[in-house]
Amino acid sequence: MYSKCGSVLHAHKVFSNMPQHNVYSWTAIISAYADSGEVEEAINLFHQMQETGLAPDKVLFVVVLKACARLATLEQGKQLHSEIIKRGFQSDVVVGNTLVNMYAKCGCTEDARELFDNMSERDVVSWNAMIAGYAQNGLGKDALALFEQMKQEGMQPNNVTFVLLLNACASLAALEQGKQLHSEIIKRGFQSDVIVGRTLVDMYAKCGCTEDARGLFDNMTERDVVSWTAMIAGYAQNGLGKEALALYEKMKQAGVQPNSVTFVLLLKACASLAALEQGKQLHSEIIKKGFLSDVVVGSTLVDMYAKCGCTEDARELFDNMSERNVVSWNAMIAGYAQNGLGKDALALFEQMQREGMKPDEVTYISVLSACAHSGLVDQGRYVFDSMCKNHGVTPTKEHYACMVDLLGRAGCLADAELFMNKMPIQPNSVVWMTLLGAARNHGHVEIGRRAFDRVVKLEPKNASPYVLLSNIYAAAGKTDELAKIRNEMKEAGVKKMPGCSWIEVDNQLHAFVVGDATHPQSKEIQAELDRLVGLMKKAGYKPNLSFVLDDVEDEEENALCGHSEKQAIAFGLINTPFGTPIRIKKNLRVCGDCHNATKIISKIVGRDISVMDATRYHHFKDGFCSCGDYW
């Protein structure tokens, strides 16, 4: 009774005062600890019981196997398996199901499958356990294949089966198979099940079909907080942060209370849009609802403030967190990196180690990125070498890409290429794109062409290498090669992703796409752009036409004025009071022309302008940028 009411301490007190214990009382107290999440204590109690000479029954084996599965303690699970065989419980279907689950949760899917295949009796739970094992270990195709076998053997699936299979489809982005499952769900009458319904929403969203997901969500007869959160996640994961925030407003109107996961997703949406004011409102709600002490929520708040350019606010939050894990440290280090504060990132990295927190792979990616964006070449080399030699972290392609970025940004392109040639793994398209970007920044035609050839071979439909090589040729005055590469781009049927920028004004997000004139204030925006161009030219601004293809293919000077961040800046200037900082988020890297233009604009209008592009934050003030023109 105490256990079921959540009071393990009272349960243990009663147990301790009992004059005698039998297998049932031991099972009760071990279950109490296991159910409350104190799994290690549950296993310790099981060993204490064995020392008394009492023999466990099959119910207790099931309880302890589940505890081993939660902790992924494979060796203890194997010992229990041996005892189960000795005591003749292996033929019991519930024990067999729990063994399959334990092996799968410990990552041993082959052992789990061998057990499953040799079971003398299998029920729907047995099939679900094996399907879950495949799905949870990233083997979605095997999960779907097992479902086909399940149907062939005449076993009827239940709602849990479909939830597991839909999760497998979501992980594989297997839309067609997901649709087939949807049809079966309707035929079997499971669509009204709230868990099945929200898993369908999640599957469609993870397959990129947010409209289908929303249609299902709107037609659900019952929606709980998890259903709302699933739809919000669908929007956030597909880059539709604005829609995620709008749906949250409807969620509140419907009287559904958010949970910690809801806030994490919404904060990520704010971070992706640099929607600081809405992020601050969420921060207030988080405090009111008591979620601030949650380490995941706290870490995501740190990340949101940093991605909105507010590193001081992020650091204050970080310092005041009651609990910090490696994700919290990574969020703050990455925040410094994205804002070009390499020395602060390194100082925090050193503090992290002094306080006994072990860095992981992500930590090193953030630290190396910080060094790359701040020109700290020697420090970056030291961190990379130390990671490999002293901390036992095996470099991934992301770490290698950071090192190429570090060397390339510093103009050490030959060193970067040599580093790539010595890599123990083949460079992927990201690494080659990093080198190509460095060649563009430093005008190195030969290395740029070599990198371009490699990227196009790996990603023939990626427009970015064509854009970067075009910029290199344009800057070098190689008009024949420029014309040729643009023709190659057209012949390959490759189209560049249009530049898009967002700005938040009065808690409303406004999006601008290059060359778009559909905004209600487009005439006023154009007039403001014309005014700014006139003032900029008087201040010495000369458009750099080598960056025309960064957003559009029209080679007129006016094309550069239509770049999305310039439109967003103009909108911000005419819709916010004088002296108000302007914050913009862009989906692509800021081009060199817009970077130079924004420096001049910040001086002539007397405004602080912050632009978060695809790689980092730029803080413009009085004609200067925080990156020091090193980005």
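Analyst: Below, each label is set against its definition. This is a predicted model, where local features need pLDDT of at least 70, side-chain atom pairs count only at pLDDT 80 or more, and totals for chains, interfaces and linings use all residues. Residues are numbered from 1 along each chain as its sequence is written, and side-chain values use heavy atoms, with hydrogens and water left out.

User: Which residues of α5 are called buried, and what covers them?

Analyst: Buried means under 20% relative accessible area, exposed means over 50%, and partly exposed is in between (1.4 Å probe, protein chains only). In α5, the buried residues are Leu 74, Gly 77, Leu 80, His 81, Glu 83 and Ile 84. Their cover includes α3 (39-51), α4 (58-71), α6 (93-105) and α7 (109-117). Gly 88 follows α5 and has a positive phi, near 75°.

User: What makes Ala 173 worth a remark?

Analyst: Most residues other than glycine have a negative phi. Ala 173 is not a glycine, yet its phi is positive, about 55°. It sits in the loop between α10 (159-172) and α11 (175-187). Its relative accessibility is 46%, so Ala 173 counts as partly exposed.

User: Where is Asp 622, and what is its phi?

Analyst: Asp 622 is in the loop between β5 (617-621) and β6. Its phi is positive too, about 55°, although Asp 622 is not a glycine.

User: Why is the pair Glu 153 and Arg 122 called a salt bridge?

Analyst: A salt bridge is a side-chain nitrogen of Lys or Arg within 4 Å of a carboxyl oxygen of Asp or Glu. Here the N to O distance is 3.2 Å, so the pair qualifies. Glu 153 lies in the loop between α9 (140-152) and α10, and Arg 122 in the loop between α7 and α8 (124-136), so the pair ties together parts that are 31 residues apart in sequence. Arg 122, at 22% relative accessible area, is partly exposed. The whole structure has 22 salt bridges.

User: How far apart in helix α18 are Lys 307 and Asp 303?

Analyst: They are four residues apart in helix α18 (residues 295-307), which means about one helical turn. Asp 303 has a relative accessible area of 16%, so it is buried. Lys 307 has 25% and counts as partly exposed.

User: Which strands are at the edges of the six-stranded sheet?

Analyst: Two strands pair if DSSP finds at least two bridges between them. The open sheet has the order β2-β1-β3-β4-β5-β6, with mixed pairing. Its edge strands are β2 (508-513) and β6 (624-625), because each pairs on one side only.

User: How do you know that β1 pairs with β3?

Analyst: Strands β1 (residues 500-505) and β3 (residues 582-586) share three bridges, in the antiparallel sense. At least two are needed, so they pair. Trp 502 has Lys 585 in β3 as its bridge partner. β1 also pairs with β2, antiparallel, over six bridges. There, Glu 504 stands opposite Leu 509. The hairpin of β1 and β2 has two residues between the strands, and Asp 506 takes a positive phi near 55°.

Note on methods: Contact = heavy atoms within 4.5 Å.
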